[in-house]
Amino acid sequence: MQFKIDATQNKARACTIKTAHSTIETPVFMPVGTQATVKAMDANDLLSMGAKIILGNTYHLYLRPGSKIIKKLGGLHGFSKFPNSFLTDSGGFQAFSLSDNSKPDDNGIMFKSHIDGSKHYFTPQSVLDTQYDLGSDIMMILDDLVALPNTSERIKESIERTTKWAKEAITYHKSQQEKGIGVDQNIFAIIQGGTDKEFRKLSAEQLCSLTDYDGYAIGGLSVGEPNQDMYDTVEWTTQFMPEDKPRYLMGVGLPEDLIENIHRGVDMFDCVMPTRNARNGTLFTSFGRMNIRKAEFKEDPRPIDEECDCYACQNFTRAYLNHLYRAGEMTYFRLASIHNIHYYLNLMKQARAAILENRWDEFRAEFYEKRAK
């Protein structure tokens, strides 16, 4: 991985990340392709919008169809035909959130499949083996995620466990690369610690001292805590993260969340929000959120967003989208998802341009002014 800072304005950063499969300009939003596909879309849809990196989900792909099948069919790139970069998470969050009986110990996480109830055990090494098969460009390591709020004892235990696993993971990754495995794959560690400043500092300092990592993520946020607590935690944590490596905030979030965390020094984001909300009738626009289900749109001849140049806005009306949603037509899910993903990707392009042109503060203010009208 090559990483370069192109410009900064206060804490906001415009950077370039180069992997084996694409050159990624930050700030970047990474559409979530849980099952090696972004829901309701294919590789051509994503490429037409300029997506340079998407996510795959290690937990889901490990269970179905299985990483060996994906490896046999050319890894995620050959399997999905999306030629640009993939980031894969470790699967720890899904093992935690989807299984009623997941149980971490000092060596890994035991969980039951949400598909058939079969038992599985993830370790720092095994999740990397799965990701080697997937062939992703950026691999997230196994971390011990805890629900919030939680006791100080449990959060401290999660930090100790996450650091232990991070040491095991980087040692294993380097040994595998010496064997010719994963030589073009990069590895990120995940900072934990809840919303407690001292715990976040402890986790960040422990993980960032492991300098062989290619980047660092902030995990365990946007799990129900107030937004301001999330913003304060990110602002506190980034000061302990190296400036010369990517900073990734996992699972966040709304457009406002992206703007606020770019302002606090974050480079990379992912979230299911744009596609999940699209399916539920919520569309993101330059003037805020729109509920396309409302009766007021039944005869509206305008595009979703008159400032948007996505395929849906260039070709279809609010009235048509309203009709498709009410009729339960699958075409609605595709068009709405295209619009929302395009909106997120374009917002990041605009944010980058503002940082490069030294007008970030003005851009941020304009973002909120449009929503206030």
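Trainee: Where does Leu73 sit?
Mentor: Leu73 is in the loop between α3 (67-72) and α4 (75-80). Keep in mind that this is a predicted model.

Trainee: Is Leu73 buried, exposed or partly exposed?
Mentor: Partly exposed, because its relative accessibility is 47%. The cut-off for exposed is over 50%, and for buried it is under 20%.

Trainee: New topic. Where does UniProt place the "binding site" feature?
Mentor: At Cys308, Cys310, Cys313 and His339, according to the UniProt record. That entry is unreviewed.

Trainee: Take Cys308. Where is it, and what does it touch?
Mentor: Cys308 lies in the loop between β16 (288-291) and α12 (311-315). Setting aside residues up to four places away in sequence, Cys308 touches Cys313, Gln314, His339 and His342. Two of these, Cys313 and His339, are also in the UniProt feature.

Trainee: Buried or exposed, that Cys308?
Mentor: Buried, because its relative accessible area is 9%.

Trainee: And Cys313? Which element holds it, and is it buried or exposed?
Mentor: Cys313 is in helix α12. Cys313 counts as buried, because its relative accessibility is 7%. Beyond residues up to four places away in sequence, Cys313 touches Pro303, Ile304, Asp305, Cys308 and His339.

Trainee: On to the rings. How many aromatic pairs are there?
Mentor: The structure holds 15. One of them is Tyr62 with Phe122.

Trainee: Why is the Tyr62 and Phe122 pair called edge-to-face?
Mentor: Because the planes sit at 70 degrees, and the cut-off for that label is over 60. The ring centres are 5.1 Å apart.

Trainee: Which parts of the chain does this pair link?
Mentor: Distant ones. Tyr62 is in helix α2 (residues 58-63) and Phe122 is in strand β9 (residues 119-122). The two are 60 residues apart.

Trainee: What about Tyr325 and Tyr332? What geometry do they have?
Mentor: Edge-to-face as well. Their centres are 5.1 Å apart, with 85 degrees between the planes. Tyr325 is partly exposed at 25% relative accessible area, whereas Tyr332 is buried at 1%.

Trainee: Which residues make up the aromatic cluster with Phe29?
Mentor: Phe284, Tyr343 and Tyr344 form one cluster with Phe29.

Trainee: Switching to Val266. Where is it, and is it buried or exposed?
Mentor: Val266 is in the loop between α10 (255-262) and β14 (268-271). Val266 is buried, because its relative accessible area is 1%.

Trainee: What is Val266 in contact with?
Mentor: Leaving out neighbours within four places in sequence, the contacts are Val234, Thr238, Arg247, Tyr248, Leu249 and Asn261.

Trainee: How far is Val266 from Gln2?
Mentor: Their C-alpha atoms are separated by 17 Å.

Trainee: Last one. What phi values do Ala40 and Asn358 have?
Mentor: Ala40 has a positive phi of about 75 degrees, although it is not a glycine. Asn358, also not a glycine, has a positive phi of about 60 degrees.

Trainee: Where are they?
Mentor: Ala40 lies in the loop between β4 and α1 (43-48). Asn358 is in the loop between α14 (330-356) and α15 (360-372). Ala40 is partly exposed at 37% relative accessible area, while Asn358 counts as exposed at 52%.

Methods. Residues are numbered from 1 along each chain as its sequence is written. This is a predicted model: local features need pLDDT of at least 70, side-chain atom pairs count only at pLDDT 80 or more; totals for chains, interfaces and linings use all residues. Side-chain values use heavy atoms; hydrogens and water are left out. Rings of Phe, Tyr and Trp (its six-membered ring) pair if their centres lie within 6.5 Å; planes under 30 degrees apart count as stacked, over 60 as edge-to-face and the rest as tilted. Helices (H or I, at least four residues) and strands (E, at least two) are DSSP runs, numbered from the N terminus. Buried means under 20% relative accessible area, exposed over 50%, partly exposed in between (1.4 Å probe, protein chains only). UniProt positions are given in the numbering used here, feature names are shortened, and annotations may be inferred rather than shown by experiment. Contact means heavy atoms within 4.5 Å.
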